[in-house]
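Please consult the display below alongside the text.

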Amino acid sequence: MRNRETSRATPSYNCHGNEKKPLEIYMFIDPLCPECWALEPIIKKLQIEYGRFFSIKYILSGRLASLNMSKKQKYENIADLWEKTASRTGMSCDGSLWFDNPISSPHLASIAIKAAELQGRKAGIRFLRKLQEGIFLEKQNISSFEVLKEMASCTGLDVDEFVLDIHSDSAGKAFQCDLKITSEMEVDEIPTLVFFNENIEEEGIKITGYYPYEVYEQILEEMLPVKPEKSTPPTLESFLKCFRLVATKEISVVYNMSINEAEREMKKLQLKQMVEQVPAKYGMFWRYIE
């Protein structure tokens, strides 16, 4: 398997409760990384089909911090990467953000994610997803403190606590801890997923980059003592109610549909006024209506 290697290390949205699970996945990401965003459909499918067997720990790698030094040429390169990733993966990324509303301080976004996580792992995951939507779909400048506060409010965080935490040492130390883990585990590309089992003496399996769903599924099967049974996906309505805003691509991956089939199903729900279309530069997103 390309880019697959083992790494010895000690492991430190969950629809399956908080019980102890046999596997833990360290997922090394950066909020501005388009391939991390492109992995969203695969991660959702893994969680739905096998979520009772693993938990995910998100680690911020800080790999895009060099943007603090960037100017026009680097912005052009990043915009081009976003557009190519979107057209290849089906998860929309609007590269024109880097010309219309460039992000000057990616470091602040990482600190904000760690501040959100101080209100719980699920709160941190909700905030991360909202941040990614704001960046890749809405071209929001997440260097703005006011934009981050609005995102915190939209994801149900205690905004006053979020503001205190983002200015505290706690969020900064949590981010530094993530950077230390990234260095110790020799992660030099994102996204990277490292799979650990319950035996901390055993090596983890590290996979770097973006791969088809079956690759991640195979690793899960290899690391579990018996071949796991897949869970049946929820109804499409339940899926939408849980995630609120999803791409046609995410629906197609989770439910093994073509893009056209997924769009037809969503248009049926749109006629029932259960969802509304959210046009994107590449493909379509759908927002659940209460």
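Does Cys93 count as buried or exposed? Cys93 counts as buried because its relative accessibility is 0%, where buried means under 20% relative accessible area, exposed over 50% and partly exposed in between, with a 1.4 Å probe and protein chains only. This is a predicted model, in which local features need pLDDT of at least 70, side-chain atom pairs count only at pLDDT 80 or more, and totals for chains, interfaces and linings use all residues. Residues are numbered from 1 along each chain as its sequence is written, and side-chain values use heavy atoms, with hydrogens and water left out.

**Cysteines**
- The structure holds 0 disulfides, a disulfide being a pair of cysteine sulfur atoms within 2.5 Å.
- Cys93 takes part in no disulfide, and its nearest cysteine sulfur, that of Cys33, lies 9.0 Å away.
- Cys177 has a relative accessible area of 43% and is partly exposed.

**Overall composition**
- The chain contains 13 helices and 8 strands, which are DSSP runs (helices H or I, at least four residues; strands E, at least two) numbered from the N terminus.
- Among the 290 residues of the chain, 52% count as buried.

**Helix 5 and helix 8**
- Helix 5 (residues 106-117) packs with helix 8 (residues 159-166) at an angle of about 125 degrees, and their axes are 9 Å apart; axes are lines fitted to C-alpha atoms over the stretch in contact, and angles run from 0 to 180 degrees between N-to-C directions.
- The contact (heavy atoms within 4.5 Å) involves Leu108, Ile111, Ala112, Ala115 and Ala116 of helix 5 and Phe162, Asp165 and Ile166 of helix 8.
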